[in-house]
Amino acid sequence: MVGKVVVTLESGASRPPTDPGDDVVEVVSRLIRFDTTNTGEPETTRGEAECARWVAGQLEEVGYQTEYVESGAPGRGNVFARLEGADSSRGALLIHGHLDVVPAEPAEWSVHPFSGAIEDGFVWGRGAVDMKDMVGMMIVVARRLKRAGIVPPRDLVFAFVADEEHGGHYGAQWLIKNRPELFDGVTEAVGEVGGFSLTVPRRDGGERRLYVIETAEKGLSWMRLTARGPAGHGSMAHDRNAVTAVAEAVARLGRHRFPLVMTDTVAQFLAAVSEETGLTFETDAADLEGTIDKLGPMARVLKAVLHDTANPTMLKAGYKANVIPATAEAVVDCRILPGRKAAFEKEIDELLGPDVTREWIRDLPSYQTGFDGDLVDAMNAAVLAFDPDSRTVPYMLSGGTDAKAFARLGIRCFGFAPLRLPPDLDFTALFHGVDERVPIDALRFGTDVLAHFLTHC
């Protein structure tokens with residue numbers, strides 16, 4: 001368990017918390033204890049409303065006016081609060097976090113995934129890094145600003161939303177279609193997954209922390225494949241078996257290697273890493289991915305943003321062992337690089353052949369913005385205020401976030417949930433993984449960085 005907590009308002013100015021709501025460790029632990037599991041099925045998804053109302057209560061306690069919104073279905077709770085800034089002529093900044101989490105099997109974990117255990121220097125549980133850590137930091141910083149009467153440079157809109165883990169159909173996507181006025185005046189946004197540190201070896205023998213800020217993410221497209229053929233008895237010969245057709249298509253997709261594509265964002269990231277480490281990332285080199293492997297666990301994300309991917313995830317066919325079914329289906333999780341959608345679809349169709357049809361069951365576009373501007377400068381300054389020898393760099397996320405929805409309103413989006421991580425922590429493996437946990441020191445660091453950022457943005 002942790003001892004006395006000190007909450008830092010600015011570097012060198014600290015005070016003990018006067019309320020559990022001011023302690024980011026306790027707030028994140030409490031958030032995890034809300035089981036907000038999102039199964040993808042409305043009838044079995046639970047907990048978002050209860051968690052959202054608790055968040056609203058934490059903000060209202062210090063004087064915020066909040067709006068609770070259920071998005072498209074009972075219980076899919078979202079909370080909004082706005083803090084007016086000094087310059088109303090400037091666009092507002094959206095700070096967003098999602099309340100739902102993916103399922104967890106308790107038998108696989110060292111602690112119960114919804115215990116919010118505070119042990120061994122970590123807060124443990126489902127959502128600790130995806131993304132109740134950031135939600136907790138948002139709550140604590142919002143409370144600090146209100147309690148202290150601090151007026152930020154621009155309006156801040158805090159949004160706590162539902163259903164991100166299933167594409168935002170009952171969350172961000174629903175909100176921008178049905179309640180766009182909640183985002184009036186918003187021009188920029190920050191959310192997950194960025195701002196965390198990656199420690200790399202320096203060419204002089206030391207180490208350097210790079211804080212990766214998400215400026216791009218791949219498209220998220222879930223595809224259903226369907227094969228059809230005559231039903232029949234399993235004992236007879238059949239040359240048009242739907243199961244065989246879909247299985248062969250799935251095998252071709254699963255083994256296929258899409259071409260290497262070097263986007264601007266990935267090129268900038270690799271250039272920065274090369275400057276620090278002396279490693280050379282040649283796009284035409286036979287062992288580019290082998291060089292990337294030298295960066296440790298982060299390599300699994302980096303290699304995924306060099307190519308489109310199409311990973312089969314679900315199969316469905318048949319109802320009896322001795323009956324050949326008339327249809328067979330598969331679901332494929334496709335992640336597509338910016339600017340590659342048309343070429344990707346052409347390549348997919350060639351792989352599938354004439355006997356299998358496809359349809360998009362979820363199709364959210366890729367996103368990319370530049371690593372420049374006043375907001376990027378403010379993120380950089382906030383990190384350097386608490387880690388002066390570090391460096392911020394852009395990167396592309398292989399997954400997707402609610403930024404895909406907000407970008408449709410013309411909002412410029414970044415991933416910035418700051419955490420200073422131990423060099424040996426395999427952070428990327430914790431997303432949706434067993435024994436998900438976030439370091440306590442990283443939470444406190446991130447809260448201070450976020451507070452600096454929001455008061456200088």
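The domain assignment divides the protein, examined here as a predicted model, into domain 1, which is made up of the two segments 20–200 and 367–455, and domain 2, which spans 220–364. The C-alpha centres of domain 1 and domain 2 are separated by 30 Å, and the contact between them draws on 24 residues from domain 1 and 24 residues from domain 2.

The size of an interface is often expressed as the accessible area that is lost when the parts come together. For domain 1 and domain 2 the area buried between them amounts to about 2100 Å², of which 67% lies on carbon and sulfur atoms. On the side of domain 1, the residues that lose the most area to domain 2 are R391, M396 and S398, which together account for 27% of what that side buries.

Polar interactions also cross this boundary, with 6 residue pairs in polar contact across the interface of domain 1 and domain 2, both residues of each pair being at pLDDT 80 or more. Between domain 1 and domain 2, the count of salt bridges is 3. A salt bridge also joins the side chains of R300 and D426, at an N to O distance of 2.9 Å.

In terms of secondary structure, the side of domain 1 that touches domain 2 receives two or more residues from each of β10 (196–201), β18 (367–368) and β19 (391–397), and β19 gives the most, with 6 residues. Sorted by class, that side of domain 1 comprises 11 nonpolar, 10 polar and 3 charged residues.

How values were computed
Residues are numbered from 1 along each chain as its sequence is written. This is a predicted model: local features need pLDDT of at least 70, side-chain atom pairs count only at pLDDT 80 or more; totals for chains, interfaces and linings use all residues. Side-chain values use heavy atoms; hydrogens and water are left out. Domain bounds come from an automatic or database domain assignment. Contact means heavy atoms within 4.5 Å. Buried area is the accessible area (1.4 Å probe) that two parts lose on being put together, summed over both. A salt bridge is a side-chain nitrogen of Lys or Arg within 4 Å of a carboxyl oxygen of Asp or Glu. A polar contact is a pair of N or O atoms within 3.5 Å; within protein, one must be able to donate a hydrogen and the other to accept it, and residues adjacent in sequence count only if both atoms are side-chain atoms. Helices (H or I, at least four residues) and strands (E, at least two) are DSSP runs, numbered from the N terminus. Ala, Val, Leu, Ile, Met, Phe, Trp, Tyr, Cys and Pro count as nonpolar, Asp, Glu, Lys and Arg as charged, and the others, Gly among them, as polar.
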